[in-house]
Amino acid sequence: MLTITSIKNGIVIDHIHAGLGIRMFYQLGLDKADYSVALIMNAASTHMGRKDIIKIENNVDFDVTMLALIDPNVTVNVIEDEHIVRKVKPELPERVEDIITCKNPRCITSVEKYVPQVFTLVNRELGQYRCQYCDEIYTVGKD
Amino acid sequence: MLKGRHLLDPTDFSPGELDEIFDFADQIIQSPAQFNHLCDSSILATLFYEPSTRTRFSFEVAMLRLGGKVVGFSEPTSSSVAKGESVADTIRTVACYADIIVMRHPKEGAPRIASEYSPVPVINAGDGGHLHPTQTLTDLLTIRSVKHQLTGLTIGCCGDLKFGRTVHSLIKATSRYPGNKFILISPKELRVPDYVTADLAAKGITFQEVERLDEVIGNLDILYMTRVQKERFFNEDDYVRLKDVYILNAEKMRLARKDMIVMHPLPRVGEIAYDVDSDPRAYYFKQAKFGMYVRMALIAKLLGVS
């Protein structure tokens, strides 16, 4: 049985779709953290079957909307004195710039590097974004 | 007000604004000589980063017939692009010399970047496999002239629907008119991109994706043919199995309605047999002429001289 102690002050990102935790971990730059962090993969979950969890022993300040772009179903728990003081469900932003990269090799952004990667939300339910230049669809949690 | 606007996407203009262009195109068709000097003092720059015959000719002739002048390049190797100049820098320079710019580019979205840096109108003349809005204007003017309506039509698109930018533009534009339905006929490998079907689904528009033309041709008001290229297939067996399914010939035309029309952005390479050319329902060459007139109308409207 794997045991990871609870944290005193910091953040727990819970309900991450199994397999996406590592992407979130790198996106948040936690691989370079000088404080305690834990990435738990494939933890048992009553509702999800398996899930990933990230625990951060530090009051870091980060853009939670960025997490939604990887997995919109996550819960961000803010911990103070070993208690959850706030729960945040990140919402998908209407427009993102230089966060998603267009995967269409024929897109002009693949060659003109000064052009920002701009995506706009086209379907919140399906988590679909569209590249401003080539219309390529990016689906949150799938692409 | 169309003066000074860009045309990058077939839906950049409202249906009302498109009618304004089509009405003006109709006036030009009625008496072309009357408009011979409309653009006497204007210059059109044609920036063709990949080869084109008919679109470039059509734009150049359109401007010449309006009395304007044309400059530009027909391949990037003969311009500063070959030295690695960015789209943004090329456009900022060209816009100092020309009153209106037409751009074809192999990369999708390049004309949009051009528009972001251009103080003069930019017209997308085809960007990769993405969009070809002036072909769509051509197609809509053809449909309007022949069918006298742009609504309540069953439109069949056949062939390479994945990389066929004319098809993407046509679907996007005609899906704005009420009552239109789509039958998308292609091999599985060459179905329309997800963003096209996502758009149709979001608008609640009926569409069907099928593999055989002969099974659905009898239901169509318009058949829009495109070329199926061998190199688009993942294996040769599939190409051999499917290539004849997407060839329109007199035999398949017998299954079609008497008032169905056949359209094609051209050039064709075997996907419409020559025995269809004499059929009164074949409109692809007349379509090319509508293309010149609609480009004349578009140039004049964007320059604000109509």
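**View 1. Helix 5 and helix 10 of chain B pack at an angle of about 115° in this predicted model.** The axes of the two helices lie 8 Å apart. Helix 5 of chain B spans residues 133–147. Helix 10 of chain B spans residues 284–303. Angles of 65 to 115 degrees count as roughly perpendicular, so helix 5 of chain B is roughly perpendicular to helix 10 of chain B. The crossing of helix 5 of chain B past helix 10 of chain B is right-handed.

**View 2. Residues at the contact of helix 5 with helix 10 in chain B.** Helix 5 of chain B contributes B:Thr134, B:Leu137, B:Thr138, B:Leu141, B:Thr142 and B:Ser145. From helix 10 of chain B come B:Lys286, B:Gln287, B:Phe290, B:Gly291, B:Val294, B:Arg295 and B:Leu298. Sorted by class, this contact has five nonpolar, six polar and two charged residues.

**View 3. The contact between chain A and chain B.** Chain A supplies 16 residues and chain B supplies 16 residues. On the chain A side, eight residues are nonpolar, three are polar and five are charged. The model has an ipTM of 0.86 and a pTM of 0.86.

**View 4. Domain 1 and domain 2 of chain A.** The domain assignment places domain 1 at residues 10–88. Domain 2 covers residues 95–139. The C-alpha centres of these two domains of chain A are 25 Å apart.

**View 5. Confidence along chain B.** The mean pLDDT of chain B is 93. In chain B, 98% of residues reach a pLDDT of 70 or more. Where pLDDT is low, predicted coordinates should not be read in detail.

How values were computed
Residues are numbered from 1 along each chain as its sequence is written. Chains are lettered from A and ligands numbered from 1 in the order in which they are written. This is a predicted model: local features need pLDDT of at least 70, side-chain atom pairs count only at pLDDT 80 or more; totals for chains, interfaces and linings use all residues. Two residues are in contact if their C-beta atoms, placed from the backbone, lie within 7 Å. Ala, Val, Leu, Ile, Met, Phe, Trp, Tyr, Cys and Pro count as nonpolar, Asp, Glu, Lys and Arg as charged, and the others, Gly among them, as polar. Domain bounds come from an automatic or database domain assignment. Axes are lines fitted to C-alpha atoms, for helices over the stretch in contact, and angles run from 0 to 180 degrees between N-to-C directions. Helices (H or I, at least four residues) and strands (E, at least two) are DSSP runs, numbered from the N terminus. Angles under 35 degrees count as roughly parallel, over 145 as roughly antiparallel, 65 to 115 as roughly perpendicular and the rest as oblique. A crossing is left-handed if the near helix is turned anticlockwise from the far one by less than a right angle, and right-handed if clockwise. pLDDT is the predictor's confidence in each residue, from 0 to 100.
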